[in-house]
Amino acid sequence: MTAPAADQSHSEQKKMTVSERNVGALARALEDWLAGRSAGPGRPTVTGARMPDTNGLSSTSVLFEACWADQGPEGGEGGGQRCAYVARMAPEASAMPVFPRYDLPAQFEVIRGVAARSDLPLPRLRWNEPDSAALGAPFFVMDQVEGRVPLDNPPYVFTGWLLEAEPEERARLQRASVRILTQIHAIREPAAAFPALRPAGDALRCHVSGQRDYYRWALADDGFRIPIIERSLAWLEEHWPRDRGPDVLSWGDARIGNIIYQGFEPAAVLDWEMAALGPRELDVGWFVFLHRFFQDIAEFFGVEGLPHFLRRSDVERCYQELSGWTLRDMDFYLTYAALRHAIIMARIKRRMIHFGEDEVPDDPDDYVMHRASLEKLLAGTYRWD
């Protein structure tokens, strides 16, 4: 494990290969595409196109500004105003994608459905383009939202605005972020509202089966095996929950790194590509574990981090207070979150090795960065608070 350098800016960190797309070519293509979306003869001008340093390792984001001199785009602004947008698209095949499938039109529909059924802060959607002709992949466009995000690299437990905040400010952000989960889970009749997410059978069984398939696609199809991941899959079967509540809409990648904050209040909830139907504990477990993943890295390197932030007991208590729902079988869902993250991290490590950014470890279990934590979870010895 390599320590994130807390005294380096994000731009100075060693960058992982994310996309080989040419931003200038994308800007020209967006200009042509937007011209076809305009209501009149004026042609838009696209400027400032860039891929943010914080671009994820799954879908690709392109930030850009567009200006129509004479009139606004259909559904957009006008009068020569400059509008700031984000285009989200699937990664190119040469980038060795993290996930096997990127259904951008489905993500667009999920966001639109959530916006219609809740008061969640979401970026305003503009256009959905299911055809890959314009940019080489399906994409959708939404408004940019001003604000700040807790960074993954370097992790927010090492440096940055959240680490530097007062405890009362972090507590405010924590409660507001947990409230986001309860708002998502409060959406009524999610199976009817989101038919594309409806599972073909028991939702949790289908969810776990999907992770088995993902593991095989990401690693095992070519004969590469990671014992701790396979042990974890077996552990799930041995500890399967017996008494579950109703299925809800699951955000999927439920974490503070997918929220834009203005001050310490959520301004936009992002990244719905892992959305599904299932028990609400899926999101709560992921939410708690993803912070612990970063906090464990901090403690491994002797950095204090944020040990009193997003603690399991506090998050569970707050969720129950805000939702009126008593969470069940959280040991199962937290271990499942660690397993899911293990598959993703192993895929990312193989990807980095492919691009010459990392080396092959001697022990295949070391493809899982949080191996030590996962082993303790399987043994029942992990200490949360």
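In the predicted model, helix H1 covers residues 23-35, and its 13 residues should span 18 Å at 1.5 Å a residue; the end C-alpha atoms are 18 Å apart, which agrees. At the start of H1, the backbone nitrogen of Gly24 has a side-chain oxygen of Asn22 within 3.0 Å. Further along H1, the buried residues are Leu26, Ala27, Ala29, Leu30, Glu31, Trp33 and Leu34. An α-helix has 3.6 residues a turn, so residues three or four places apart point the same way. The packing partners of the buried residues of H1 are strands: E1 (45-50), E2 (60-67), E3 (82-89), E4 (125-129) and E5 (139-143).

Two or more lining residues come from each of helix H2 (104-117), helix H6 (203-218), strand E9 (276-278) and helix H10 (330-354). H6 gives the largest share, seven residues. Sorted by class, the lining of this pocket has 18 nonpolar, six charged and four polar residues.

Three cavities of 30 Å³ or more were found in a search of the whole structure. In the largest cavity there is about 50 Å³ of space. Tyr156, Arg255, Ile256, Gly257, Phe287, Leu290, His291, Phe294 and Leu310 line the largest cavity. Six of these lining residues are nonpolar, two are polar and one is charged.

Methods: Residues are numbered from 1 along each chain as its sequence is written. This is a predicted model: local features need pLDDT of at least 70, side-chain atom pairs count only at pLDDT 80 or more; totals for chains, interfaces and linings use all residues. Side-chain values use heavy atoms; hydrogens and water are left out. Helices (H or I, at least four residues) and strands (E, at least two) are DSSP runs, numbered from the N terminus. Ala, Val, Leu, Ile, Met, Phe, Trp, Tyr, Cys and Pro count as nonpolar, Asp, Glu, Lys and Arg as charged, and the others, Gly among them, as polar. On a 1 Å grid over the protein atoms alone, a cavity is a set of points where a 1.4 Å probe fits but cannot get out, and a pocket is an open set with protein on both sides within 12 Å along at least five of seven lines; lining residues have an atom within 4 Å of a point. Grid points are joined across faces, edges and corners, and a volume is the space filled by probe spheres set on the points. The expected span of a helix is 1.5 Å times one less than its number of residues. Buried means under 20% relative accessible area, exposed over 50%, partly exposed in between (1.4 Å probe, protein chains only). Contact means heavy atoms within 4.5 Å. A polar contact is a pair of N or O atoms within 3.5 Å; within protein, one must be able to donate a hydrogen and the other to accept it, and residues adjacent in sequence count only if both atoms are side-chain atoms.
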